[in-house]
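Please keep the sequence and the coordinates in view while reading.

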Amino acid sequence: MSDKMNLTRAQFDEVMVPNYAPAAIIPVRGEGSRVWDQQGNEYIDFAGGIAVNCLGHCHPALVEALKTQGEKLWHLSNVMTNEPALELATRLVNATFAERVYFANSGAEANEAALKLARRYALDNYGEDKTEIIAFDKAFHGRTFFTVSVGGQAAYSDGFGPKPQAITHLPYNDVAALEAAVSDKTCAIMLEPLQGEGGIINATPEFLKAVRALADKHNALVIFDEVQTGVGRTGELYAYMGTDVVPDILTTAKALGGGFPIAAMLTTAKIAAHLKVGTHGSTYGGNPLACAIGNAVMKVVNTPEVLDGVKRREQLLRDGLNRINDKYHVFSEIRGAGLLLGAVLNEKYQGRSRDFLNASVAEGLLSLMAGANVVRFAPSLVIPEADIAEGLERFERAVAKVAAA
Ligand SMILES: *Cc1c(COP(=O)(O)O)cnc(C)c1O
C-alpha cells in the first residue's frame with residue numbers, strides 16, 4: 001500500500017508532530033557520500049546525518065553485517081546476553097580506558113545512565129549531600145528531562161515543569177569559574193570535550209586539566225559526553241585520546257552504529273559496580289542487531305587507515321574553507337577537530353547560518369548548523385577526496401550567492 005502512496009514534504013505538516021522543520025527535499029537513496037532525492041537530484045553529504053553516518057551511506061561492510069545478523073537473531077532483551085553485545089563490549093574495553101560497558105539506544109539514554117550512575121556512586125560512597133552536577137553553558141547532552149536539564153540551553157529545557165535539581169551551569173573553558181564552583185558537594189562534572197551543537201567550541205587543554213584535577217580533589221567523577229566526538233570523528237577513536245585527560249565515564253552513540261541506533265556508556269569496574277542488578281535498564285539496549293552493526297563499524301573505523309585519513313581530510317576541508325573565505329570574507333574562524341568543523345560567521349553575517357544551509361542545498365550540498373552563527377560540517381570519515389573537492393565547489397557557489405544577496 002505504501003508503494004502507491006504519493007508522499008510529499010507537505011504531508012509532514014499533516015501527519016507529524018511539528019517539533020521539526022525538515023528541508024524541502026526528501027532523500028530516498030544514498031551511497032557513500034552522495035544522496036539522491038525523490039526527483040533524482042544528487043547531493044554531496046557534508047552533514048553525515050549529524051555526525052552519525054561515519055562510513056557514509058550503505059557502506060558494504062555495514063550492509064553485510066545488517067543482512068547477516070538480520071537473518072540470524074534480532075532481539076532477545078536483557079533477560080539473556082548475546083554474542084554481538086559481548087563482542088562489541090570487548091572491543092570497546094580493549095580500545096579505551098573502560099573496563100565495563102552499558103548499552104543503550106541513543107545519546108540521551110547513554111547520558112541518562114551516566115548521570116544516574118554518578119549520582120548513585122556518590123550516594124553509596126559519600127552520602128546524600130553529594131549530588132551536584134556541574135555542566136556548561138551551550139552544552140548539549142540530549143532531550144530526556146535529566147539530560148536536557150544538564151545541557152546548557154534554557155530554550156531546550158524550560159517549559160516542561162519542575163526540573164531535576166542540583167545542576168550548576170558554568171561558562172565553558174573558564175577555569176576560574178570552575179575552581180570557584182567545585183566543592184565536596186560536587187558529584188560529577190559533565191562536558192563534551194569539544195562542544196558540538198553549541199557551536200563547535202574546542203576545549204582548551206588547561207580547562208580539561210582543571211576539570212580532571214578539581215574532580216579528583218573533591219572526589220567527583222568526570223563524565224565526557226563523546227556522543228558526537230566519538231568513534232573517529234576527531235581523528236582519534238575518542239577525542240579524550242588526543243588530550244591529557246582520561247574521564248571516569250564516557251558516553252558514545254551517533255557514529256557507533258553508523259546510522260543504526262545504538263549507544264554505550266563506558267566506565268571503570270569500580271564505578272560500574274554501583275549499577276547493581278535492577279538499578280537501571282533498557283529493553284533494546286545491547287540488542288544483537290544493533291551490536292552486530294556496531295562491531296562492523298568498530299572494525300573499519302578503529303584502524304590507522306581510517307583515523308589517519310580523517311586528519312588528511314580535515315586538512316583538505318580546512319584549506320578549501322579558508323580559500324573560500326579569502327575570496328568572500330564570510331567567516332571569522334574555522335574551528336573544531338578532525339571531520340567535525342565549524343565555519344564561524346563574521347560580524348556581517350550574524351544569525352544567518354540557515355541561509356548558508358539553504359543555499360548549499362540548492363547547489364547540491366548537505367551541511368549543518370551549530371546555532372545561528374556556525375555552519376557545521378560532519379561528513380563521512382571515509383568521504384572520497386574527490387567528493388570533498390566537489391562539495392567545496394558547491395559550497396563556494398552557495399557562499400557566493402549568500403554574499404551577493
Ligand atoms: C546528539 C547528541 C546527544 C543526544 O543524542 P541522541 O541520540 O539524540 O539522544 C547527546 N550529546 C551530544 C554531545 C550530542 O551531540
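In this predicted model, strand S10 is mostly covered, with five of its five residues buried. Its side chains divide by direction: Leu-221, Ile-223 and Asp-225 point one way, whereas Val-222 and Phe-224 point the other way, and all are buried. The division follows a general rule, because side chains in a regular strand alternate between the two faces of the sheet.

What joins S10 to strand S7 and to strand S11? Strand S7, residues 186-191, runs parallel to S10 and is joined to S10 by four bridges. Within this pairing, Met-190 has Ile-223 of S10 as its bridge partner. The pairing of S10 with S11 is also in the parallel sense, over three bridges. Here Phe-224 stands opposite Leu-250 in S11.

Gln-228 lies in the loop between strand S10 (221-225) and strand S11 (249-252). Is Gln-228 buried or exposed? It has 29 C-beta neighbours inside 10 Å, and a residue with 20 or more is classed as buried, so Gln-228 counts as buried. Leaving aside neighbours within four places in sequence, Gln-228 is in contact with Ala-51, Glu-192, Gly-196, Arg-233, Lys-254 and Leu-340.

Around the ligand there are 15 residues, of which Ser-106, Gly-107, Ala-108, Val-227 and Gln-228 come nearest. Helix H5, residues 107-126, gives the most to the shell, with three residues.

Gly-107 has its place in helix H5. Gly-107 is buried, because 27 other C-beta atoms lie within 10 Å. When residues up to four places away in sequence are not counted, Gly-107 touches Gly-142, Val-227, Thr-251, Ala-253, Lys-254 and Ala-263.

In an unreviewed UniProt entry, the annotation "binding site" covers Gly-107, Ala-108, Phe-140, Asp-225, Glu-226, Val-227, Gln-228 and Thr-283. These positions span 177 residues in sequence, and the farthest two C-alpha atoms are 24.7 Å apart, so the annotated residues do not all gather at one spot. Among the annotated positions are Gly-107, Ala-108, Val-227 and Gln-228, which also belong to the residues that come nearest the ligand. Asp-225, another annotated position, belongs to the buried residues of S10.

Terms used. Residues are numbered from 1 along each chain as its sequence is written. This is a predicted model: local features need pLDDT of at least 70, side-chain atom pairs count only at pLDDT 80 or more; totals for chains, interfaces and linings use all residues. A residue is near a molecule or strand if its C-beta atom, placed from the backbone, lies within 6 Å of it. Helices (H or I, at least four residues) and strands (E, at least two) are DSSP runs, numbered from the N terminus. UniProt positions are given in the numbering used here, feature names are shortened, and annotations may be inferred rather than shown by experiment. A residue is buried if 20 or more other C-beta atoms lie within 10 Å of its own, exposed if 12 or fewer, and partly exposed in between; C-beta atoms are placed from the backbone. Two residues are in contact if their C-beta atoms, placed from the backbone, lie within 7 Å. Two strands pair if DSSP finds at least two bridges between them.
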